[in-house]
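I opened this notebook to keep track of what I looked up, residue by residue and element by element. The entries follow the order in which I took up each site.

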Amino acid sequence: MNSIIPLPDTWQTLLSQTLESPEALIRYLDLPESLLEGANRAHAEFAMRIPRPWLDRIEKGNLNDPLLRQVLPLGEEMDDVPGFTQDPLEEMHSNPVEGLIHKYKGRVLVILTGACAINCRYCFRRHFPYADNRLGPTQWQKIIAYITADSSITEIIFSGGDPLVSSDARLKQFITDLEQIPHLTRLRIHSRLPVVLPQRITESLTQVLQQTRLKVVTVIHSNHPQELDEQVANAVQRLHQAGVTVFNQAVLLRGINDSCEILKGLSEKLFDIGVLPYYLFTFDPVKGAAHFDIPDSEAKQLLQQLQDQLPGYLVPRLAREIPGRGSKTLLSLDQD
Ligand SMILES: *Cc1c(COP(=O)(O)O)cnc(C)c1O
Ligand code: SF4
(Lines give C-alpha, C1' and ligand atoms only; values in the text may rest on other atoms or scores of the structure.)
(Ligands and ions follow the chains in the order given, each with its own letter.)
Protein backbone atom coordinates (compact mmCIF):
# COMPACT_ATOMS: atom_id res chain seq x y z
CA MET A 1 0.00 0.00 0.00
CA ASN A 2 1.59 3.24 -1.11
CA SER A 3 -0.66 5.80 0.51
CA ILE A 4 1.07 9.05 1.42
CA ILE A 5 -0.76 9.46 4.69
CA PRO A 6 -0.37 6.18 6.55
CA LEU A 7 -3.72 4.71 7.55
CA PRO A 8 -4.12 3.66 11.14
CA ASP A 9 -4.32 -0.11 11.54
CA THR A 10 -7.99 -0.31 12.37
CA TRP A 11 -9.57 -3.70 11.87
CA GLN A 12 -11.45 -2.35 8.86
CA THR A 13 -8.20 -1.26 7.24
CA LEU A 14 -6.61 -4.61 7.96
CA LEU A 15 -9.66 -6.39 6.57
CA SER A 16 -9.43 -4.43 3.33
CA GLN A 17 -5.76 -5.30 2.91
CA THR A 18 -6.00 -9.05 2.56
CA LEU A 19 -3.51 -10.75 0.27
CA GLU A 20 -5.39 -12.24 -2.68
CA SER A 21 -2.70 -13.11 -5.19
CA PRO A 22 -1.11 -16.59 -5.05
CA GLU A 23 1.85 -15.24 -7.00
CA ALA A 24 2.48 -12.49 -4.43
CA LEU A 25 2.13 -15.00 -1.61
CA ILE A 26 4.63 -17.44 -3.13
CA ARG A 27 7.12 -14.65 -3.75
CA TYR A 28 6.67 -13.06 -0.33
CA LEU A 29 7.13 -16.33 1.56
CA ASP A 30 9.94 -17.68 -0.68
CA LEU A 31 7.96 -20.75 -1.69
CA PRO A 32 8.73 -22.91 -4.76
CA GLU A 33 7.51 -21.33 -8.02
CA SER A 34 6.30 -24.78 -9.08
CA LEU A 35 3.29 -24.33 -6.79
CA LEU A 36 1.98 -21.39 -8.75
CA GLU A 37 0.14 -23.12 -11.57
CA GLY A 38 -1.93 -25.34 -9.24
CA ALA A 39 -2.43 -22.48 -6.80
CA ASN A 40 -3.87 -20.27 -9.52
CA ARG A 41 -6.28 -22.97 -10.66
CA ALA A 42 -7.52 -23.62 -7.10
CA HIS A 43 -7.71 -19.87 -6.46
CA ALA A 44 -9.99 -19.47 -9.50
CA GLU A 45 -12.38 -21.98 -7.92
CA PHE A 46 -12.27 -20.63 -4.33
CA ALA A 47 -10.35 -17.40 -3.91
CA MET A 48 -7.28 -17.17 -1.73
CA ARG A 49 -7.75 -14.56 0.97
CA ILE A 50 -5.22 -13.92 3.75
CA PRO A 51 -5.26 -11.00 6.19
CA ARG A 52 -1.96 -9.41 7.16
CA PRO A 53 -1.96 -10.38 10.85
CA TRP A 54 -2.31 -14.05 9.81
CA LEU A 55 0.41 -13.74 7.16
CA ASP A 56 2.77 -12.27 9.78
CA ARG A 57 2.53 -15.50 11.80
CA ILE A 58 3.69 -17.69 8.88
CA GLU A 59 7.33 -18.75 8.79
CA LYS A 60 9.01 -17.79 5.51
CA GLY A 61 10.30 -20.61 3.33
CA ASN A 62 8.44 -23.31 5.28
CA LEU A 63 6.01 -25.06 2.99
CA ASN A 64 4.74 -27.09 5.94
CA ASP A 65 3.90 -24.12 8.12
CA PRO A 66 0.53 -25.02 9.69
CA LEU A 67 -0.91 -21.55 9.18
CA LEU A 68 0.18 -21.53 5.56
CA ARG A 69 -1.35 -24.95 4.88
CA GLN A 70 -4.76 -23.71 5.96
CA VAL A 71 -4.83 -20.92 3.38
CA LEU A 72 -2.57 -21.94 0.49
CA PRO A 73 -4.53 -22.99 -2.62
CA LEU A 74 -3.16 -26.25 -4.03
CA GLY A 75 -3.58 -28.05 -7.33
CA GLU A 76 -4.87 -31.09 -5.38
CA GLU A 77 -8.07 -29.20 -4.69
CA MET A 78 -9.07 -29.82 -8.28
CA ASP A 79 -9.05 -33.61 -7.80
CA ASP A 80 -12.46 -35.21 -7.97
CA VAL A 81 -12.70 -37.59 -5.01
CA PRO A 82 -15.81 -39.78 -4.61
CA GLY A 83 -17.85 -38.98 -1.48
CA PHE A 84 -16.64 -35.37 -1.28
CA THR A 85 -19.56 -33.13 -2.17
CA GLN A 86 -20.47 -29.47 -2.52
CA ASP A 87 -22.84 -29.37 0.46
CA PRO A 88 -21.81 -32.15 2.87
CA LEU A 89 -24.08 -30.87 5.66
CA GLU A 90 -27.09 -30.42 3.39
CA GLU A 91 -27.58 -27.03 4.99
CA MET A 92 -29.11 -25.52 1.92
CA HIS A 93 -32.27 -27.47 2.73
CA SER A 94 -32.94 -26.70 6.38
CA ASN A 95 -33.77 -23.03 6.54
CA PRO A 96 -37.33 -22.24 7.68
CA VAL A 97 -36.53 -18.58 7.03
CA GLU A 98 -33.75 -17.47 4.72
CA GLY A 99 -30.60 -16.93 6.78
CA LEU A 100 -31.83 -18.94 9.77
CA ILE A 101 -31.06 -22.58 10.53
CA HIS A 102 -33.16 -24.23 13.24
CA LYS A 103 -31.94 -27.80 13.49
CA TYR A 104 -31.28 -28.19 17.22
CA LYS A 105 -33.71 -27.77 20.07
CA GLY A 106 -33.56 -24.48 21.92
CA ARG A 107 -31.04 -22.79 19.67
CA VAL A 108 -31.13 -21.19 16.26
CA LEU A 109 -28.24 -20.29 14.05
CA VAL A 110 -28.37 -17.10 12.04
CA ILE A 111 -26.11 -16.38 9.10
CA LEU A 112 -25.40 -12.67 9.45
CA THR A 113 -23.12 -12.53 6.46
CA GLY A 114 -21.51 -14.93 4.01
CA ALA A 115 -18.26 -12.98 4.16
CA CYS A 116 -15.13 -14.05 6.05
CA ALA A 117 -11.83 -12.35 6.81
CA ILE A 118 -9.91 -15.38 5.61
CA ASN A 119 -10.64 -18.24 3.26
CA CYS A 120 -9.74 -21.56 4.85
CA ARG A 121 -9.16 -24.14 2.15
CA TYR A 122 -11.03 -26.87 4.05
CA CYS A 123 -14.12 -24.74 4.67
CA PHE A 124 -17.39 -26.59 4.17
CA ARG A 125 -18.94 -23.34 3.01
CA ARG A 126 -16.54 -22.97 0.11
CA HIS A 127 -19.25 -23.84 -2.39
CA PHE A 128 -22.09 -21.87 -0.85
CA PRO A 129 -23.92 -19.53 -3.18
CA TYR A 130 -24.26 -16.77 -0.62
CA ALA A 131 -20.56 -15.79 -0.61
CA ASP A 132 -21.13 -12.11 -0.03
CA ASN A 133 -24.77 -12.07 0.95
CA ARG A 134 -25.66 -9.88 3.86
CA LEU A 135 -28.80 -10.33 5.84
CA GLY A 136 -31.21 -7.59 4.74
CA PRO A 137 -33.68 -5.71 6.99
CA THR A 138 -36.78 -7.57 5.72
CA GLN A 139 -35.12 -10.91 6.28
CA TRP A 140 -34.02 -9.81 9.74
CA GLN A 141 -37.61 -8.90 10.64
CA LYS A 142 -38.73 -12.37 9.56
CA ILE A 143 -36.05 -13.94 11.75
CA ILE A 144 -37.13 -11.85 14.74
CA ALA A 145 -40.75 -12.88 14.13
CA TYR A 146 -39.76 -16.57 13.92
CA ILE A 147 -37.82 -16.49 17.21
CA THR A 148 -40.51 -14.44 18.95
CA ALA A 149 -43.16 -17.00 17.96
CA ASP A 150 -41.23 -19.96 19.39
CA SER A 151 -40.68 -19.71 23.14
CA SER A 152 -38.58 -22.89 23.17
CA ILE A 153 -35.73 -20.90 21.63
CA THR A 154 -33.42 -19.63 24.38
CA GLU A 155 -30.19 -19.15 22.48
CA ILE A 156 -29.29 -17.40 19.25
CA ILE A 157 -26.05 -18.18 17.48
CA PHE A 158 -24.49 -15.57 15.22
CA SER A 159 -22.70 -17.43 12.49
CA GLY A 160 -21.65 -16.92 8.90
CA GLY A 161 -19.31 -16.60 7.14
CA ASP A 162 -17.96 -14.65 10.04
CA PRO A 163 -20.51 -12.57 11.96
CA LEU A 164 -17.85 -10.25 13.35
CA VAL A 165 -17.16 -8.97 9.85
CA SER A 166 -20.30 -6.92 10.53
CA SER A 167 -19.85 -3.43 11.95
CA ASP A 168 -20.38 -2.69 15.64
CA ALA A 169 -23.38 -0.51 14.77
CA ARG A 170 -25.04 -3.34 12.88
CA LEU A 171 -24.34 -5.86 15.64
CA LYS A 172 -25.65 -3.46 18.24
CA GLN A 173 -28.90 -3.05 16.28
CA PHE A 174 -29.33 -6.82 16.02
CA ILE A 175 -28.67 -7.32 19.73
CA THR A 176 -31.04 -4.52 20.70
CA ASP A 177 -33.82 -6.20 18.69
CA LEU A 178 -33.08 -9.60 20.21
CA GLU A 179 -33.17 -8.27 23.76
CA GLN A 180 -36.86 -7.54 23.28
CA ILE A 181 -37.61 -11.26 23.01
CA PRO A 182 -38.20 -12.35 26.62
CA HIS A 183 -37.46 -16.08 26.23
CA LEU A 184 -34.04 -15.46 24.69
CA THR A 185 -31.31 -15.71 27.34
CA ARG A 186 -28.05 -16.38 25.52
CA LEU A 187 -26.20 -14.96 22.56
CA ARG A 188 -23.48 -17.08 21.07
CA ILE A 189 -20.99 -15.75 18.53
CA HIS A 190 -19.11 -18.21 16.32
CA SER A 191 -16.18 -16.29 14.94
CA ARG A 192 -12.67 -16.86 13.74
CA LEU A 193 -11.85 -13.16 13.86
CA PRO A 194 -10.48 -13.07 17.44
CA VAL A 195 -7.78 -15.43 16.09
CA VAL A 196 -7.37 -14.24 12.52
CA LEU A 197 -7.72 -10.50 13.16
CA PRO A 198 -7.63 -9.92 16.92
CA GLN A 199 -7.77 -6.17 16.31
CA ARG A 200 -11.48 -6.77 15.64
CA ILE A 201 -12.16 -7.01 19.39
CA THR A 202 -12.46 -3.26 19.85
CA GLU A 203 -13.55 -1.33 22.87
CA SER A 204 -16.81 -0.39 21.17
CA LEU A 205 -17.55 -4.06 20.43
CA THR A 206 -16.85 -5.21 23.98
CA GLN A 207 -19.06 -2.38 25.25
CA VAL A 208 -21.97 -3.70 23.21
CA LEU A 209 -21.36 -7.22 24.54
CA GLN A 210 -21.02 -6.01 28.11
CA GLN A 211 -24.19 -3.94 28.05
CA THR A 212 -26.62 -6.53 26.74
CA ARG A 213 -28.82 -8.42 29.20
CA LEU A 214 -28.09 -11.61 27.20
CA LYS A 215 -25.30 -13.85 28.44
CA VAL A 216 -22.65 -13.83 25.74
CA VAL A 217 -20.59 -16.84 24.70
CA THR A 218 -17.96 -16.69 21.98
CA VAL A 219 -16.69 -19.78 20.22
CA ILE A 220 -13.44 -18.98 18.46
CA HIS A 221 -11.86 -21.26 15.88
CA SER A 222 -8.22 -22.19 16.16
CA ASN A 223 -6.54 -25.36 14.92
CA HIS A 224 -2.91 -24.98 15.91
CA PRO A 225 -1.12 -23.39 18.90
CA GLN A 226 1.00 -21.26 16.55
CA GLU A 227 -2.14 -19.28 15.71
CA LEU A 228 -2.37 -18.02 19.28
CA ASP A 229 0.03 -15.12 19.61
CA GLU A 230 0.06 -12.28 22.10
CA GLN A 231 -2.46 -10.21 20.14
CA VAL A 232 -4.93 -13.10 20.28
CA ALA A 233 -4.34 -13.45 24.02
CA ASN A 234 -5.10 -9.74 24.44
CA ALA A 235 -8.29 -10.01 22.40
CA VAL A 236 -9.49 -12.88 24.60
CA GLN A 237 -8.66 -10.84 27.68
CA ARG A 238 -10.78 -7.97 26.40
CA LEU A 239 -13.69 -10.39 25.87
CA HIS A 240 -13.28 -11.71 29.42
CA GLN A 241 -13.32 -8.20 30.80
CA ALA A 242 -16.69 -7.73 29.10
CA GLY A 243 -17.99 -10.85 30.86
CA VAL A 244 -17.91 -13.05 27.75
CA THR A 245 -17.25 -16.80 28.09
CA VAL A 246 -14.79 -18.02 25.45
CA PHE A 247 -14.54 -21.53 24.00
CA ASN A 248 -12.62 -22.92 21.04
CA GLN A 249 -13.61 -25.23 18.26
CA ALA A 250 -11.05 -26.84 16.00
CA VAL A 251 -11.14 -29.03 12.94
CA LEU A 252 -8.94 -32.11 12.74
CA LEU A 253 -6.86 -31.63 9.60
CA ARG A 254 -4.26 -33.82 7.91
CA GLY A 255 -0.88 -32.08 7.83
CA ILE A 256 -1.93 -29.37 10.28
CA ASN A 257 -2.91 -30.80 13.65
CA ASP A 258 -3.00 -34.58 13.17
CA SER A 259 -0.67 -35.36 16.08
CA CYS A 260 -1.23 -35.78 19.79
CA GLU A 261 1.62 -33.39 20.54
CA ILE A 262 0.08 -30.56 18.53
CA LEU A 263 -3.43 -31.09 19.88
CA LYS A 264 -2.06 -31.17 23.41
CA GLY A 265 -0.13 -27.97 22.71
CA LEU A 266 -3.32 -26.39 21.37
CA SER A 267 -5.36 -27.25 24.47
CA GLU A 268 -2.62 -26.04 26.79
CA LYS A 269 -2.05 -22.82 24.90
CA LEU A 270 -5.79 -22.15 24.78
CA PHE A 271 -6.01 -22.62 28.53
CA ASP A 272 -3.01 -20.32 29.01
CA ILE A 273 -4.91 -17.51 27.32
CA GLY A 274 -8.18 -18.28 29.07
CA VAL A 275 -10.04 -20.35 26.49
CA LEU A 276 -11.50 -23.82 27.02
CA PRO A 277 -11.54 -26.41 24.25
CA TYR A 278 -15.10 -27.22 23.17
CA TYR A 279 -15.32 -29.25 19.95
CA LEU A 280 -12.76 -30.99 17.81
CA PHE A 281 -14.60 -31.65 14.57
CA THR A 282 -13.79 -34.41 12.18
CA PHE A 283 -13.47 -33.07 8.75
CA ASP A 284 -16.56 -32.59 6.55
CA PRO A 285 -16.18 -34.33 3.21
CA VAL A 286 -16.26 -31.17 1.13
CA LYS A 287 -15.28 -31.28 -2.52
CA GLY A 288 -11.81 -29.86 -3.13
CA ALA A 289 -10.45 -30.59 0.34
CA ALA A 290 -10.03 -34.39 0.42
CA HIS A 291 -6.31 -34.04 1.14
CA PHE A 292 -7.16 -32.78 4.68
CA ASP A 293 -9.19 -35.87 5.56
CA ILE A 294 -8.35 -38.16 8.49
CA PRO A 295 -10.12 -41.53 8.97
CA ASP A 296 -12.31 -41.91 12.07
CA SER A 297 -10.15 -44.70 13.47
CA GLU A 298 -7.14 -42.39 13.50
CA ALA A 299 -9.17 -39.51 14.94
CA LYS A 300 -10.32 -41.69 17.84
CA GLN A 301 -6.77 -42.90 18.47
CA LEU A 302 -5.58 -39.29 18.65
CA LEU A 303 -8.32 -38.41 21.09
CA GLN A 304 -7.52 -41.43 23.27
CA GLN A 305 -3.87 -40.35 23.43
CA LEU A 306 -4.95 -36.82 24.27
CA GLN A 307 -7.22 -38.08 27.04
CA ASP A 308 -4.33 -40.08 28.49
CA GLN A 309 -2.20 -36.97 28.77
CA LEU A 310 -4.47 -34.09 29.70
CA PRO A 311 -6.92 -33.23 32.47
CA GLY A 312 -10.47 -33.95 31.32
CA TYR A 313 -11.39 -30.29 31.01
CA LEU A 314 -8.71 -29.77 28.37
CA VAL A 315 -9.95 -32.60 26.14
CA PRO A 316 -12.30 -31.34 23.42
CA ARG A 317 -15.37 -33.34 22.38
CA LEU A 318 -14.58 -35.21 19.19
CA ALA A 319 -17.65 -34.67 17.05
CA ARG A 320 -19.11 -34.45 13.62
CA GLU A 321 -22.23 -33.13 12.06
CA ILE A 322 -24.45 -35.69 10.40
CA PRO A 323 -27.29 -34.22 8.34
CA GLY A 324 -30.71 -34.84 9.82
CA ARG A 325 -29.62 -35.40 13.44
CA GLY A 326 -30.83 -33.30 16.38
CA SER A 327 -27.34 -32.56 17.68
CA LYS A 328 -23.71 -32.96 16.79
CA THR A 329 -22.68 -36.59 16.89
CA LEU A 330 -19.96 -37.46 19.37
CA LEU A 331 -17.43 -40.09 18.32
CA SER A 332 -17.14 -42.35 21.32
CA LEU A 333 -13.85 -44.05 22.07
CA ASP A 334 -13.84 -47.82 22.08
CA GLN A 335 -14.60 -49.35 25.47
CA ASP A 336 -12.50 -52.16 26.94
C1 LIG B 1 -23.44 -26.65 15.54
C2 LIG B 1 -24.76 -26.08 15.47
C3 LIG B 1 -25.40 -25.57 16.61
C4 LIG B 1 -24.74 -25.55 17.97
O5 LIG B 1 -24.59 -26.84 18.49
P6 LIG B 1 -23.98 -26.99 19.96
O7 LIG B 1 -23.82 -28.45 20.13
O8 LIG B 1 -24.91 -26.36 20.91
O9 LIG B 1 -22.66 -26.27 19.96
C10 LIG B 1 -26.68 -25.06 16.48
N11 LIG B 1 -27.32 -25.05 15.29
C12 LIG B 1 -26.74 -25.53 14.18
C13 LIG B 1 -27.50 -25.49 12.91
C14 LIG B 1 -25.45 -26.05 14.23
O15 LIG B 1 -24.88 -26.49 13.11
S1 SF4 C 1 -13.33 -18.59 8.93
FE2 SF4 C 1 -14.74 -20.33 9.16
S3 SF4 C 1 -16.42 -19.94 7.72
FE4 SF4 C 1 -14.70 -18.59 7.15
S5 SF4 C 1 -13.54 -19.72 5.60
FE6 SF4 C 1 -12.61 -20.22 7.57
S7 SF4 C 1 -13.64 -22.09 8.26
FE8 SF4 C 1 -14.91 -21.18 6.64
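This is a predicted model: local features need pLDDT of at least 70, side-chain atom pairs count only at pLDDT 80 or more; totals for chains, interfaces and linings use all residues.

Entry 1, a helix pair. I began with H6 and H7, which are roughly parallel to each other, because angles under 35 degrees count as roughly parallel, over 145 as roughly antiparallel, 65 to 115 as roughly perpendicular and the rest as oblique. The axes of H6 (residues 137–149) and H7 come within 10 Å and cross at roughly 30 degrees, where axes are lines fitted to C-alpha atoms, for helices over the stretch in contact, and angles run from 0 to 180 degrees between N-to-C directions. I noted that the contact is made by Trp 140, Gln 141, Ile 144 and Ile 147 on the H6 side and by Phe 174, Asp 177 and Leu 178 on the H7 side, contact meaning heavy atoms within 4.5 Å. Helices (H or I, at least four residues) and strands (E, at least two) are DSSP runs, numbered from the N terminus.

Residues are numbered from 1 along each chain as its sequence is written, chains are lettered from A and ligands numbered from 1 in the order in which they are written, and side-chain values use heavy atoms, with hydrogens and water left out.

I found His 183 in the loop between helix H7 (168–179) and strand S4 (186–190), and it is buried, with a relative accessible area of 16%; buried means under 20% relative accessible area, exposed over 50%, and partly exposed in between (1.4 Å probe, protein chains only). Leaving aside neighbours within four places in sequence, I listed the contacts of His 183 as Ile 147, Thr 148, Asp 150, Ser 151, Ile 153 and Thr 154. A polar atom of the His 183 side chain lies 3.1 Å from the backbone oxygen of Asp 150.

Not counting residues up to four places away in sequence, Ser 166 touches Trp 11, Leu 112, Thr 113, Leu 171 and Arg 200.

What does UniProt list for Lys 328? The unreviewed entry gives "modified residue: N6-(pyridoxal phosphate)lysine"; UniProt positions are given in the numbering used here, feature names are shortened, and annotations may be inferred rather than shown by experiment. I placed Lys 328 in the loop between strand S8 (317–320) and strand S9 (329–330), and at 21% relative accessibility it counts as partly exposed. The side chains of Lys 328 and Tyr 104 are joined by a polar contact of 3.3 Å, that is, a pair of N or O atoms within 3.5 Å, of which, within protein, one must be able to donate a hydrogen and the other to accept it, and residues adjacent in sequence count only if both atoms are side-chain atoms.

The unreviewed UniProt entry places a "binding site" at Cys 116, Cys 120 and Cys 123.
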